[in-house]
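Please keep the sequence and the structure in view while reading.

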Amino acid sequence: MLVLTLSADPEPRVDIARLVDGARKATVQVSGEWRRARRRSTRWGGGILVGDRHAVLTCLHVVEGYPNLIVQTHDHKEHGATIVATFPDRDLALLKMNSDQPYPGVAVKEGTWKAGQIAIA
């Protein structure tokens with residue numbers, strides 16, 4: 001699991017390459033699909049694995065109204081997913097990815113954030 005901690009030090013000693021590699025492995029592709037008769041509709045978007053329990057944070061407009069959700073991980077494997085929470089005012093959805101395999105997720109650490117601190121997103 002990748003944990004990003006920022007310091008008030010004006011010259012942070014952060015291994016940017018390690019952070020980018022960890023974030024790359026936690027980044028997923030999310031797709032939603034529905035089929036009716038001869039019609040088919042698909043939406044695509046990005047997402048990020050959060051924590052170590054296969055939670056995926058993505059945009060609500062990508063998955064809303066689409067019963068068949070697929071999450072593709074960095075190793076190009078596809079996993080089904082279900083919506084567990086939505087935040088319409090922020091256009092966010094929290095998904096649960098169905099997988100028995102461990103996947104690295106980013107950790108969100110609460111703390112005191114100050115104006116001018118460096119953030120990597």
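A residue is called buried here when its relative accessible area is under 20%, exposed when that value is over 50%, and partly exposed in between. The structure shown is a predicted model, and the values that follow are computed from it.

**Helix α1**

Helix α1 spans residues 16-26, and its buried residues are Leu19, Gly22 and Ala26. Because these buried residues fall within an arc of 70° when α1 is viewed down its axis, they line one face of the helix.

**Thr73 and the loop between β5 and β6**

Strand β5 covers residues 68-72 and strand β6 covers residues 78-87, and Thr73 sits in the loop between them. With a relative accessible area of 5%, Thr73 falls under the 20% cut-off and is therefore buried. The side chain of Thr73 makes a polar contact of 2.4 Å with the side chain of Asp75. When residues up to four places away in sequence are set aside, Thr73 touches Val28, His79, Met97 and Tyr103.

His76 is also found in the loop between β5 and β6, but this residue counts as exposed, at 63% relative accessibility. The phi angle of His76 is near 70°, which is a positive value in a residue other than glycine. A positive phi in a residue other than glycine is likewise seen at Asp91, where the angle is near 55°; Asp91 is placed in the loop between β6 and β7, the latter strand being residues 92-97.

**Glu33 in strand β2**

Glu33 belongs to strand β2, which runs over residues 27-36. Leaving out neighbours within four places in sequence, Glu33 is in contact with Arg40, Ser41, Thr42, Tyr66, Pro67 and Asn68.

The table gathers the accessibility of the individual residues discussed above.

| Residue | Relative accessibility | Class |
|---|---|---|
| Thr73 | 5% | buried |
| Glu33 | 17% | buried |
| Asp91 | 27% | partly exposed |
| His76 | 63% | exposed |

**The chain as a whole**

The secondary structure comes to 2 helices and 8 strands, and these follow the pattern β-α-β-β-β-α-β-β-β-β when read along the sequence. The chain has 121 residues, of which 29% count as buried, and it exposes about 8400 Å², with carbon and sulfur atoms supplying 53% of that area. Among contacts in the chain with a separation of 6 or more, 56% are between residues 24 or more positions apart.

Conventions. Residues numbered from 1 in each chain as written. Predicted model: local features only at pLDDT ≥ 70, side-chain atom pairs only at ≥ 80, totals over all residues. Heavy atoms only, no water. Helix = DSSP H or I, 4+ residues; strand = E, 2+ residues; numbered from the N terminus. Buried < 20%, exposed > 50% of the residue type's maximum accessible area, 1.4 Å probe, protein only. Polar contact = N/O pair within 3.5 Å; in protein donor to acceptor, adjacent residues only side chain to side chain. Contact = heavy atoms within 4.5 Å. Arc of directions from axis to C-beta. Areas by Shrake-Rupley, 256 points an atom, 1.4 Å probe, with all protein chains shown as cover.
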